[in-house]
Amino acid sequence: MDPRVPAPATGLAAGRPAAPTAPGPAAQRTERPGELPALHSALVGVALPWLVFSAEHGQLTGDGLDGVYHAGRRLLSRCVLRVYGREPVAVQGRLAAADQARFVGVLRTPGDSGPDPGLTVERTRGADGTERITLRSAAGRPLRLPVELALGTDLADLGAVAAGRPGPELSAGVHAAGLRWSGPDGRYATVTADPPPMDALAVAGLLRWDLELAPGASRTIELRVRGDRSADRLTERGAGATAGPGGEVLAEARAEGDDPRVAELFRASVDDLRALLLRDRARPADLHAAAGVPWRCGPVTAESLWAARMALPLGTRLAAGTLRALARTQRDGAGPERGRIPGPLRDSGPGLPARCTGVEATLAFPAVLAEAARWGLPEQELAELLPAAERCLDWLRAAMAADGYVSDSGSAGNGPAGHGPSGPVRAETQAHAHRAAMLGADLLDFCGRPGGAEWRDRAGALRERFRLEFWLDDRGGGRPVAALLPGGTPLPHLGSWAAHLLDTGLTGGGRTAIGLLDKDRTDQLARLLGGPALDTGWGLRGLGAKEPGHNPFGHRSGAVRVHETAVAVTGLAAAGYEREAVSLLRGLLDAAEAFGFRLPEMYAGEQRTSGAVPVPHPAACRPAAVAAAAGIQALTALAGIRPDAPGRTVALHPMRSAPLGAVRLAGLRVAGEPFAVRIGRLGTAIVEEAADGLQLGV
């Protein structure tokens, strides 16, 4: 890890856990370096800093990540229900909302003469530590039900649980209408029940009731899990939908259309993004989206900023809060690192060293601020954030090597001329740098600050050299190269990273900025993105199927990274390549349906075949901020909304083929006011609601 980047903490603030050591006796599974618990089949309720992990049968057994967590600590690991001394037969488990799971089980009661169960058990488990257990009788006679709950916890940190080292279960004590567990560090957890149990057996961790049910009647037991309050003082408090006096952070937007999946994906994406919101420790009024559950629920990251950018159609408040949180982390002083935003190292794929995500955040900052201004960021907030954006541009100027390229290392341009400060220079990073220069110039001009012309010149020089050195001609029409290695050797690996070359950004008048590629090479890139080497039928592979090092489950070497597919959809549509954009959009929507409309950060890049469903990645974050925001961006791309709030215009560039039929998007935000647009079956777009004085642009 880069020594300048703080090491991740444990629990809620942790990144993906480090390679675990051998587990103690309490862990009943064998660990291998880098192994993480499988998540793909878990039902995960999220209302950060609360989390709950459940299996589809609904019983919390303490296996794997099972349990209720607050601020990265497991408050309850075991909650096993028995009626008549038997566990209900599980018949259904599903997510009812981003923060709630619902389970249905059945039991045959004594006296049932046939195979039909006479008792239904419904459990509704919330991420906030609450659970309702409802027992409903269909028997034709009164029932007396002996009910018991076996409870337990280890009060382990999430990182320790993930590494297979949770520690032993703690001894319980009777507490009010329930049980209490205390750890050696003074932390504790309680479970209380309403109605109170008839018996509470601390030594066995049991709560017991004798319930009487008349024919057709029901009874409900409500549980409430709570921990000590110290975690609230040490971690970000949950944010939900509001940010204090200013009201909602994400607009209550909605989508509807001929294809009912449009409404489902949009709703789930907004709900998941809202569930991931966290308050910044330094300024609780500022919110950002945690990168993903369960591995990256800590401080603000580059992924938080990308998610805020993709969610700009829901308003600018999330972008503003995320930008302010990142600005507070900027390097200060007078050295070459001044203005850089720190961040952890992440995998870059085969043949490349790890990249610093802080560089990504630094380059994204001025671009996101410029676009937020076009969507309607208030002038006061723009003025507050402008100095931080200028510091990012100052860092970019210092970081550019003699050839104008930027390395992911984040050093300030002291390396050998021609290949950045240290090691390879990646094409994706140059796309981020070019966008920062172009949109930074637009931002400086709009705010009356000097430097716009300089940054356009720098962007032009970068374009000219990039087109010469980052393209490899071949019999298939050529391809962009992933990176230039030391000495100028191109790394020709083709993958979903290339979608960023089409993400040029929004400037004044609702226009897209100039991109790194010329028209002919953009044509070829569109063909490549729409071809079978990259398009799985479910989205874009991180690395082409025939590339060296391809692994369909590799994070950067073959898995489908959802947000890059959404970037490709938007970029292709904006550049006029609707056929390729539509193919990717339909594949993404089909994948979303298979995942219950909660898109994971990635899934296996297996080629789609008839009757198949996408294969989940066992360790992928789900929900993840960029995946949730990708659903919003991909669907709003149908309308091609390009606002210029300061210029009081909004341009619409809908997909003319209307690939999903008629679609209506309502409750969006442009210029701080509600905005609604309808796309008809013939591909025409009509504004149904907009701010006063907002004119239709071109």
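Helices α7 (residues 379-399) and α9 (residues 452-469) cross with a left-handed sense, meaning that the near helix is turned anticlockwise from the far one by less than a right angle (clockwise would be right-handed). Their axes come within 12 Å and cross at roughly 40°, so α7 and α9 are oblique to each other. On the α7 side the contact is made by L393, L396 and R397, and on the α9 side by E454, W455 and R458. Contact here means heavy atoms within 4.5 Å. Axes are lines fitted to C-alpha atoms, for helices over the stretch in contact, with angles running from 0 to 180 degrees between N-to-C directions. Angles under 35 degrees count as roughly parallel, over 145 as roughly antiparallel, 65 to 115 as roughly perpendicular, and the rest as oblique. Helices (H or I, at least four residues) and strands (E, at least two) are DSSP runs, numbered from the N terminus.

All of this comes from a predicted model, where local features need pLDDT of at least 70, side-chain atom pairs count only at pLDDT 80 or more, and totals for chains, interfaces and linings use all residues. Residues are numbered from 1 along each chain as its sequence is written, and side-chain values use heavy atoms, with hydrogens and water left out.

Then there's the pair α6 and α8 (residues 427-446), packed at an angle of about 40° with axes 8 Å apart. That makes α6 oblique to α8, and the crossing is left-handed. Among the α6 residues that meet α8 are V359, L363, A367 and R374, and their partners in α8 include H432, A433, A436 and F446.

## The nonpolar cores

The largest nonpolar core has 168 residues, and F266, L273, F365 and L396 have the most contacts inside it. Helix α6 (residues 357-375) gives the most to this core, 12 residues in total. Apart from it lies another core, of 37 residues, with C79, I133, A139 and V225 among them. A nonpolar core is a set of buried Ala, Val, Leu, Ile, Met, Phe, Trp, Tyr and Cys residues joined through side-chain atoms within 4.5 Å. In soluble globular proteins, nonpolar side chains tend to be buried together.

What does L396 touch, not counting residues up to four places away in sequence? The list is L363, V406, A433, A436 and W455. W455 also turns up in the contact between α7 and α9, while L363 and A433 sit in the list for α6 and α8.

## An enclosed helix and a buried loop residue

Helix α13 (residues 625-636) has 12 residues and reaches 17 Å from its first C-alpha to its last, close to the 16 Å expected at 1.5 Å a residue. The expected span is 1.5 Å times one less than the number of residues. With 12 of its 12 residues buried, α13 is largely enclosed by the rest of the structure. Buried means under 20% relative accessible area, exposed over 50%, and partly exposed in between (1.4 Å probe, protein chains only). The buried residues of α13 include G631, Q633 and T636.

D280 sits in the loop between β19 (277-279) and β20 (287-289). Is D280 buried or exposed? At 12% relative accessibility, D280 counts as buried. It touches D286, A325 and R328, leaving aside residues up to four places away in sequence.

Most residues other than glycine have a negative phi, and most peptide bonds are trans. Here are some exceptions. The bond from L48 to P49 is cis, with omega near 10°, and P49 is in the loop between β1 (43-47) and β2 (50-54). The bond from D194 to P195 is cis too, with omega near 5°; P195 is in the loop between β14 (188-194) and β15 (199-201).

On the phi side, A176 isn't a glycine but has a positive value of about 45°. A176 lies in the loop between β12 and β13 (178-182) and is exposed, at 70% relative accessibility. A671 has a positive phi near 60°, in the loop between β34 (663-670) and β35 (673-679).

## Exposed loops

P168, in the loop between α1 (158-162) and β12 (172-175), is exposed, with a relative accessible area of 59%. P168 and D194 are 26 residues apart in sequence and 28 Å apart in space, C-alpha to C-alpha.
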